[in-house]
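Please open the structure in a viewer and keep the selection panel at hand.

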Amino acid sequence: MAMELIPRASLDAARLPALRPGELAALAEARDRALVSAGRIEFDGGATESLAEALLDSPWMDVSQQLETLCAMTELFYFLKNETGDRIADDDLIARIRACFDDCRGAAELVADRLGGGLAWAK
């Protein structure tokens, strides 16, 4: 069992009004799992909130699947941060994920395959 070293930051409901309180909590838990899985530490929820804001604004976001999609894209974000050695700024990576999300018409699995499958774009 992993030891909790620091309190986890909650997500700001004011930045994500499209999400209900239970969804915010679930997204924060998904972020925490992704951070642990990636061996990363984050002191605020800023990157997760920015990613969620960008994706919730997409015309391709399926409201009935938004929590699952946001959780999957959060996991992808931290995976890509590690795989690229943090060479890409958070905002640039979020913009790339959003552009790919729109190109893939909201298909989260396809986004993950395109961005995570080959990282030649990150060089």
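Helices here are DSSP runs of H or I with at least four residues, numbered from the N terminus. The model is predicted: local features need pLDDT of at least 70, side-chain atom pairs count only at pLDDT 80 or more, and totals for chains, interfaces and linings use all residues. Residues are numbered from 1 along each chain as its sequence is written, and side-chain values use heavy atoms, without hydrogens and water.

Next, show the side chains in contact (heavy atoms within 4.5 Å): from α2, Ala47, Thr48, Leu51, Ala52, Leu55 and Leu56, and from α3, Gln66, Leu70, Met73, Thr74, Phe77 and Tyr78.

Now turn to α4 and α5, whose crossing is also right-handed. Select Arg96, Ile97, Cys100, Phe101 and Asp103 of α4; they meet Val111, Arg114 and Leu115 of α5.

Leaving aside residues up to four places away in sequence, Val111 touches Met73, Leu76, Ile97, Cys100, Phe101, Cys104 and Gly116.

Finally, view the largest nonpolar core, which has 34 residues; Leu27, Leu55, Met73, Phe77, Ile97 and Val111 touch the most other members. Such a core is a set of buried Ala, Val, Leu, Ile, Met, Phe, Trp, Tyr and Cys residues joined through side-chain atoms within 4.5 Å, buried being under 20% relative accessible area with a 1.4 Å probe, protein chains only.

Key. Buried means under 20% relative accessible area, exposed over 50%, partly exposed in between (1.4 Å probe, protein chains only). Helices (H or I, at least four residues) and strands (E, at least two) are DSSP runs, numbered from the N terminus. A crossing is left-handed if the near helix is turned anticlockwise from the far one by less than a right angle, and right-handed if clockwise.
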